[in-house]
Amino acid sequence: TMTIGIDFKNKNIQIDGKDIKLQLWDTAGQERFKTISVSYFRRAHGIALLYDVSNTQSFEHVPSWLDSVAQNTLRKVPLILIGNKCDLALKVKVEEGKQMAQDNDVPFFLTSAKTGQGVEEAFTSLARMILKDQCQLDEEGNNPGNVNIDEGEQGKEKKKCC
């Protein structure tokens, strides 16, 4: 289904035996929602930038979205590039997506939200990047909005949303 405006979902995953709750905000990459979308970048702990592999125009907008992320985040946050809808006929070559990711020093994933191909791997990788980034911020003492990933006594949740 197409996202109109902004939507979010919660996703629970396990990383190294720890339960991690991700809050995923879908900001609908359509240009008409761009001004709304960029306001969500400021507080993001990680970003998955998706393009549609069956739509060349979607891929052509990636550099603009990368610029928007850079301009609207307070610091460099973990980011991955995803070529989605790989279950459809590819109009954007996988090599083009990989090259775009390499040029911007971000990991690349090929996924299908319809079949689930590559989705778990992409979000697990992003979650690991976020955890590493948050630990580095904690060590440097530069993390006023800490995200506590450890379970408290008797399973009390101490985590804040990512």
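Here is a walk through the fold, from the overall layout down to single residues.

First, some ground rules: this is a predicted model, where local features need pLDDT of at least 70, side-chain atom pairs count only at pLDDT 80 or more, and totals for chains, interfaces and linings use all residues. Residues are numbered from 1 along each chain as its sequence is written, and side-chain values use heavy atoms, with hydrogens and water left out.

Let's start with the big picture. The protein chain has 5 helices and 5 strands; helices (H or I, at least four residues) and strands (E, at least two) are DSSP runs, numbered from the N terminus. Read from the N terminus on, the order is β-β-α-β-α-α-β-α-β-α. Of the 162 residues, 40% count as buried. Buried here means under 20% relative accessible area, exposed means over 50%, and partly exposed is in between (1.4 Å probe, protein chains only). As for contacts (heavy atoms within 4.5 Å), take those between residues at least 6 apart in sequence: 65% of them join residues at least 24 apart.

Now to the sheet. Strands of a sheet pair through backbone hydrogen bonds, either parallel or antiparallel. In this model, 3 strands make an open sheet in the order S3-S4-S5, with parallel pairing. Strands S3 (47–52) and S5 (108–110) are at the edges with a single partner strand each, so one side of each has no neighbour in the sheet. From one strand to the next, the twist averages 25°. Two strands count as paired if DSSP finds at least two bridges between them, and S3 is joined to S4 (residues 79–84) by 6 bridges. If you want a spot to look at, find Ile47, which stands opposite Leu79 in S4.

Next, the helices that meet this sheet. Helix H3 (residues 62–72) lies across S3 and S4 and runs at about 165° to S3. Helix H5 (residues 119–140) packs on the sheet too, touching S3, S4 and S5, and its direction makes about 170° with that of S4. Those angles run from 0 to 180 degrees between N-to-C directions, using axes that are lines fitted to C-alpha atoms, for helices over the stretch in contact.

Then comes Thr73, in the loop between H3 and S4. Thr73 counts as buried, at 13% relative accessibility. Leaving out residues up to four places away in sequence, Thr73 touches Phe41 and Ile47. From Thr73 to His45 is 28 residues in sequence and 9.7 Å in space, C-alpha to C-alpha.

On to the charged pairs. A salt bridge here is a side-chain nitrogen of Lys or Arg within 4 Å of a carboxyl oxygen of Asp or Glu, and the count comes to 4. One of them pairs Lys11 with Glu120, with the closest N and O atoms 3.6 Å apart. Lys11 sits in strand S1 (residues 7–15) and Glu120 in helix H5, 109 residues apart. Lys11 is partly exposed at 29%, and Glu120 is partly exposed at 43%.

Another salt bridge joins Asp52 to Lys85, at 3.3 Å between the closest N and O atoms. Asp52 is in strand S3, and Lys85 is in the loop between S4 and helix H4 (94–103), 33 residues apart. Here Asp52 is buried at 14%, while Lys85 is partly exposed at 37%.

Asp133 and Arg75 also form a salt bridge, the closest N and O atoms being 2.5 Å apart. Asp133 lies in helix H5 and Arg75 in the loop between H3 and S4, so the pair ties together parts 58 residues apart in sequence. Asp133 is buried at 12%, and Arg75 is partly exposed at 30%.

Finally, the cysteines. With a disulfide taken as a pair of cysteine sulfur atoms within 2.5 Å, a search of the whole structure finds 0 disulfides. Cys86 counts as buried at 16% relative accessibility, and Cys135 as partly exposed at 38%.
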